[in-house]
Amino acid sequence: MVNNDNELIKSFLNGNQEAFNILANKYKQKIYWHTRRMLGNHLDADEVTQEVLIVMYDKLATFKFDSSLFTWIYSVTTRRCLNYIKKRNVKRFFSIESAEISERKSSEDIVKNYEDKEKLMKLDKILDKLPAKQREVFILRNFEELSYEEISKITGKSVGGLKSNYFHALKKITEMNNEE
Amino acid sequence: MKNNYDDIILKYLSDLLDENERNNFESELEKNSVLKNRFEAVSKNLEDIKQLTPKDSDSGYFANLLPKVRERMDTRSGKMISGSVQKALGFGLAVVLVMIIVLQNGDESYDFNLESVTSLLESTNSAELNEFIEIRYSDIELYYLISEIDLENYSNAINEQLAINSDEFYDYSEYSYLGLDGISDISESEESEIYSSLIDKKIL
């Protein structure tokens with residue numbers, strides 16, 4: 001059985017559906033938790049995670065094998081998250097999102113125990129204070145422990161710009177902590 | 001409470017110091033206990049945030065995720081839209097934009113059609129429109145779309161930027177995962193379809 005990403009992609013592109021399942025199962029939790037941190041609730045994260053997996057299925061043929069699949073998937077995921085945040089801002093601005101959906105977003109979660117829920121709520125509260133691009137670099141650096149160079153490949157932004165965004169994210173977080 | 005050392009500590013942690021500054025910071029860190037204590041407090045705060053990751057989650061969700069995605073991919077074939085409707089949706093986006101302008105001017109009786117939309121966009125003062133968009137919609141995709149449009153050639157811009165540029169439209173559409181490409185002319189019935197769609201979605 002092949003387990004190397006590139007071999008699996010080639011196998012999938014030759015028609016082996018099981019190869020796609022292996023890739024999706026390998027990355028689905030990473031995709032979910034990244035979107036969960038970016039978007040701050042389960043329902044939105046679920047929606048974007050599904051979209052990313054569909055994009056993976058549809059667009060793997062365009063994968064050029066000159067970067068890792070991990071980088072490619074994170075590029076798709078972060079772009080989707082940023083676009084989703086913009087669309088969500090539009091919906092909120094025009095009050096299109098119903099109270100019922102807002103209520104579901106705050107109540108539905110895959111985390112069941114009280115301690116973990118508390119952790120996530122605390123994290124969401126912190127990340128919610130960061131503009132999307134600062135949140136993006138903070139999450140990729142702090143939780144995924146990626147280097148600026150890796151983040152640059154994912155986001156397409158300069159290392160200098162990323163450092164600046166990260167600095168401002170840390171500054172806001174430290175100020176929040178100082179105020180507590 | 002803000003600490004005087006915070007900025008330099010955060011610059012160090014962000015890798016914003018050059019080699020000389022970095023060396024100076026590290027040597028100061030060894031001999032300055034106030035700086036050291038603050039550095040450890042800031043670092044601990046960041047480490048604590050990193051630990052805010054759930055240890056346990058619903059494994060059933062992840063087990064069912066792929067079947068859900070497969071189901072969604074299977075059902076989408078019934079939703080595939082034609083190239084001409086893609087243009088209709090692009091036009092619909094232009095309608096939304098015009099609606100924003102019209103509502104801003106308080107004209108609720110405005111008649112939306114291709115000619116009137118184009119005419120209004122052409123006659124709108126570009127500086128005013130930019131200012132309006134920057135103030136009211138600085139963080140939404142519409143701004144990025146509009147900022148790329150040559151305001152003096154709006155009729156062409158509607159086609160080229162809003163309708164034909166399927167990559168940008170791709171991210172807007174409720175059908176975003178359908179793989180949009182290929183555009184053809186819009187018919188009256190398709191215009192009606194997009195109006196209905198926008199009304200159904202409570203956008204209009």
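1. A polar contact is a pair of N or O atoms within 3.5 Å; within protein, one must be able to donate a hydrogen and the other to accept it, and residues adjacent in sequence count only if both atoms are side-chain atoms. Asn32(B) caps the N-terminal end of α3(B), with a side-chain oxygen 3.0 Å from the backbone nitrogen of Val34(B). Helices here are DSSP runs (H or I, at least four residues), numbered from the N terminus.

2. This is a predicted model: local features need pLDDT of at least 70, side-chain atom pairs count only at pLDDT 80 or more, and totals for chains, interfaces and linings use all residues. Residues are numbered from 1 along each chain as its sequence is written.

3. Which residues of α3(B) are buried? Buried (under 20% relative accessible area, 1.4 Å probe, protein chains only) are Leu35(B), Arg38(B), Phe39(B), Val42(B), Asn45(B), Leu46(B) and Ile49(B). They cover an arc of only 125° around the axis (taken from the directions from the helix axis to the C-beta atoms), which puts them on the same side of α3(B). The face turned away from that buried side carries Asn37(B) and Lys44(B), both exposed (over 50%).

4. The cover over the buried residues of α3(B) includes α6, α7 and α9 of chain A, together with α1 and α2 of chain B.

5. Between the chains, 58 residues of chain A are in contact (heavy atoms within 4.5 Å) with 52 residues of chain B. The rule finds five salt bridges across this interface (a side-chain nitrogen of Lys or Arg within 4 Å of a carboxyl oxygen of Asp or Glu). Asp15(B) and Lys163(A) meet in a salt bridge, at 3.5 Å from N to O.

Definitions and conventions:
Chains lettered and ligands numbered in written order. Heavy atoms only, no water. Helix = DSSP H or I, 4+ residues; strand = E, 2+ residues; numbered from the N terminus.
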